[in-house]
Amino acid sequence: TTLLTEAVVCSDPSCAARKPVTLPYFEPKAPDDKLRAINLRLSFDYANPVMELQALYFPKYADHLGVTLNGAVLRAVDTRFRQWTTPAFIDVPPALLIEGSNTLDVVIEGRPLEGLELFPIYFGPREALLPSYNTRKTMGPTFARFTLVCTFVLGVMYLMIWYYRRQDKQYLLLGLSSLSTCVVLLHFGYGVLWGGYKYWTGFLHLSIAFYVLFNCKFFRYTLNLEKLLIERLIVIYLAVAAIVHGFVPSSHIQVWALAVDLVAGITAVVALVVFWNHRSRVSRVDFRVMFGCLMAATVLGFSEIVLVQSPEVGWSFHMFHFVPVCMSLLCLWVIVSQLVQSLWRYEALTLSLKDTLAEKTVKLEESFARIAEVERREAIDVERNRIMLDLHDGIGGQLVSTLAYMESTGNTDTTLK
């Protein structure tokens, strides 16, 4: 495998005027949103050609790529989608290679407003380069597309839950947060430019800011805090930014985007500080997980700002599309944690109710026993009184009968009377 780093920048496709450069090459940014093409020429030696399929691997370039080898076009420039996050892998048939020096002409096309760039190129056997290409593509646009589908499904589910549970605003915020981050994942996964460069850039960066805002509101609800001042300020700022966007010329749209991104980043830092100050409101495990994910998302966000503004920083891989994964996992953790705590409270309440029920049952049994004893005694008294009354009536009747008999027979025994 050969790493190609030495190139010349040509003033035109014929490469009449040359300027030696070393890859990675970064074209200085300029206030121009029109597409511009940069022609570069590289040379490499290829000895003892064999009938083995070779390949060219471009890890990073911006935004569009065209490749010609020894006068044969291997890849034409395609400007339909931005390919700044997608590596390029181009098969090189052995018939195109010549023994000795080979000439590789590369065209990178993009907007000077964001800068044009080309990182070192790898040339070698196809099977040797393919794993590196697959890894970078999988962790880049493929992962962003997969996350896009999952995030969209989660967003719809959150909104459906909120529709049936209007009192739980957390699900509304999670749904809006998920749908706003879908814009970011579309940008990273497909490189779309719907509505033109200026309006798509505005929509993208406002979506990022609202994504941060919705997440801040979600964690405020989780911590049971009053509405924060930073929330009101960012809403006002984003409203003003949306109005200003209509008047900003396309050549300065990146300055506007940087201002929006910095405010979103500052909001995330403030949210971290607030969460740290109120960490006692959540369990230790929840705090570690939540604060760790928030910190990771904030670091990834600022690293993306640095990479976009200063591509020469030393790394070439964009990682902002991992932020929605961190935040989605964090939100799911919060929901599951709340569910588990609710189950624990339910179990504790159930046990308490069981104990209370057993205690009340014993008391009721004792009360019923006392009532039964009282009723039994009352029944005995009633029966005793009835018997005594019967005896009284019987004896009285017999005495009257005896007296009547004595009078009717003329018995004058004073003792009997």
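In this predicted model, strands β4, β12 and β7 form an open sheet of 3 strands in the order β4-β12-β7, with antiparallel pairing. Strands are DSSP runs of E of at least two residues, numbered from the N terminus. Two strands pair if DSSP finds at least two bridges between them. The edges of this sheet are β4 (25-27) and β7 (61-62), each of which pairs on one side only. Strand β7 is joined to β12 (residues 116-118) by 2 bridges, and the two run antiparallel. Within this pairing, Y61 stands opposite L118 in β12.

Residues are numbered from 1 along each chain as its sequence is written. The model being predicted, local features need pLDDT of at least 70 and side-chain atom pairs count only at pLDDT 80 or more, while totals for chains, interfaces and linings use all residues; side-chain values use heavy atoms, with hydrogens and water left out.

An open sheet of 6 strands is also present, again with antiparallel pairing. Its order is β3-β2-β5-β11-β8-β9. Strands β3 (18-22) and β9 (72-75) are the edges, each pairing on one side only. Neighbouring strands of this sheet are turned by 30° against each other on average, direction ignored. For such angles, axes are lines fitted to C-alpha atoms, for helices over the stretch in contact, and angles run from 0 to 180 degrees between N-to-C directions. Strand β5 pairs with β11 (residues 100-110) in the antiparallel sense over 11 bridges. Here L42 has L104 of β11 as its bridge partner. Strand β8 (residues 64-69) is joined to β9 by 3 bridges, also antiparallel. T68 stands opposite V73 in β9. Strands β8 and β9 form a hairpin with 2 residues between them. In the turn, N70 has a positive phi of about 50°.

The structure holds 21 aromatic pairs. Rings of Phe, Tyr and Trp (its six-membered ring) pair if their centres lie within 6.5 Å; planes under 30 degrees apart count as stacked, over 60 as edge-to-face and the rest as tilted. F44 and F123 form a tilted pair, at 4.5 Å centre to centre with 40° between the planes. This pair links distant parts of the chain: F44 lies in strand β5 (residues 36-46), F123 in strand β13 (residues 121-125), 79 residues apart. F44 is buried, with a relative accessible area of 4%. F123 is buried too, at 3% relative accessibility. Buried means under 20% relative accessible area, exposed over 50%, and partly exposed in between (1.4 Å probe, protein chains only).

Ring pairs also link Y57, F89, Y122 and Y133 into a cluster. F89 lies in strand β10 (residues 88-92). F89 counts as buried because its relative accessibility is 16%. Leaving aside neighbours within four places in sequence, F89 is in contact (heavy atoms within 4.5 Å) with A55, L56, Y57, R126, L129, L130 and Y133. The C-alpha atoms of F89 and P59 are separated by 8.5 Å, and the two residues are 30 apart along the chain.

Charges also sit over rings. The criterion is NZ of Lys or CZ of Arg within 6 Å of the ring centre and within 35 degrees of the ring normal. The charged end of R166 sits over the ring of W162, at 4.9 Å from its centre. R279 lies over the face of W276, at 4.3 Å from the ring centre.

Definitions and conventions:
Helix = DSSP H or I, 4+ residues; strand = E, 2+ residues; numbered from the N terminus.
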